[in-house]
Amino acid sequence: MKNSTRFMVSMVACWLSVNAYAEMSFAKIKEAYTNSYRYEKTQNYNDAINALMPVYTQYPTTYTVNLRLGYLALLHNKYANAKTYYEAASKALPLAFSPKLGLMATAIAQSNWDTAEQYGYQVLKADPNNYSANLKMAYVLTQRKKYDNAQALIEKVLAMYPEDIGALAQYAALFAVQGQFDKATEHYSSVLILDPENVSANYYFSAPAAKK
């Protein structure tokens, strides 16, 4: 089955699961999401999650509410809950990348490098140039001291987005962790040109190692 056809089937299945027992009004759903975003802005993740519970209770298998609850649970350091919600979102739309990236981020937060790498490869197999997957995978490989592989992934991203501050900072950090401070200084300097307030670059230059 072609990807486009599979996507449409997944979307139809997702909407059918909503419409099969749709009782919550659009206004109530919108209000729940609005409140959730409002709480998130103040880093009140517990209330941001609770605001969405009426929607989740009504539609427990749908993509969007599970994806957002997974994200909020991850921010709230509730990793088991994040994993459950992200898995439900992935089940609702199996071709979607966001739940897999969420599962990868959850594994990273727990320093579960094997699991994180598995999810990363799942995304990169389907989309080799995926920005988030490449940088997340590079971080995982750096933690596993697979520096050459990590460097190749970051350089692939920088070839497409040479001005990207996140990728440049990660590139600099990769050299710093290997003790290659000349290269780290060069690339962190580039970061500061583009973003003078960059936290990671300024922290690096405040450290004694950067002055060697």
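Colleague: Let's begin with the chain as a whole: what percentage of its 212 residues count as buried?

Modeller: Keep in mind that this is a predicted model. A residue counts as buried under 20% relative accessible area. In this chain of 212 residues, the buried share is 39%.

Colleague: And what does the secondary structure of the protein chain come to?

Modeller: Reading from the N terminus, the elements run α-α-α-α-α-α-α-α-α-α-α-α. There are zero strands, and the count of helices is 12.

Colleague: Of the contacts with a separation of 6 or more, what percentage is between residues 24 or more positions apart?

Modeller: Contact here means heavy atoms within 4.5 Å. Taking the contacts with a separation of 6 or more, the part from residues 24 or more positions apart is 47%.

Colleague: How many residues in the contact of helix 3 with helix 4 are nonpolar?

Modeller: Helix 3 brings residues including Ile49, Leu52 and Tyr56, and these meet a helix 4 set with Leu69 and Leu72 among them. Sorted by class, that contact has one polar residue, one charged, and a nonpolar count of 12.

Colleague: Which handedness does the crossing of helix 9 and helix 10 have, left or right?

Modeller: Helix 9 (residues 147-160) packs on helix 10 (residues 165-177) at about 160°, with axes 10 Å apart. That makes helix 9 roughly antiparallel to helix 10. As for the crossing of helix 9 past helix 10, it is left-handed.

Colleague: Last one: is threonine 106 buried or exposed?

Modeller: Threonine 106 is found in helix 6, residues 98-109. Leaving out residues up to four places away in sequence, threonine 106 touches Leu74, Tyr79, Ala82 and Tyr86. Its C-alpha is also 9.1 Å from that of tyrosine 71, 35 residues apart along the chain. Because its relative accessibility is 2%, threonine 106 counts as buried.

Methods
Residues are numbered from 1 along each chain as its sequence is written. This is a predicted model: local features need pLDDT of at least 70, side-chain atom pairs count only at pLDDT 80 or more; totals for chains, interfaces and linings use all residues. Side-chain values use heavy atoms; hydrogens and water are left out. Helices (H or I, at least four residues) and strands (E, at least two) are DSSP runs, numbered from the N terminus. Ala, Val, Leu, Ile, Met, Phe, Trp, Tyr, Cys and Pro count as nonpolar, Asp, Glu, Lys and Arg as charged, and the others, Gly among them, as polar. Buried means under 20% relative accessible area, exposed over 50%, partly exposed in between (1.4 Å probe, protein chains only). Axes are lines fitted to C-alpha atoms, for helices over the stretch in contact, and angles run from 0 to 180 degrees between N-to-C directions. Angles under 35 degrees count as roughly parallel, over 145 as roughly antiparallel, 65 to 115 as roughly perpendicular and the rest as oblique. A crossing is left-handed if the near helix is turned anticlockwise from the far one by less than a right angle, and right-handed if clockwise.
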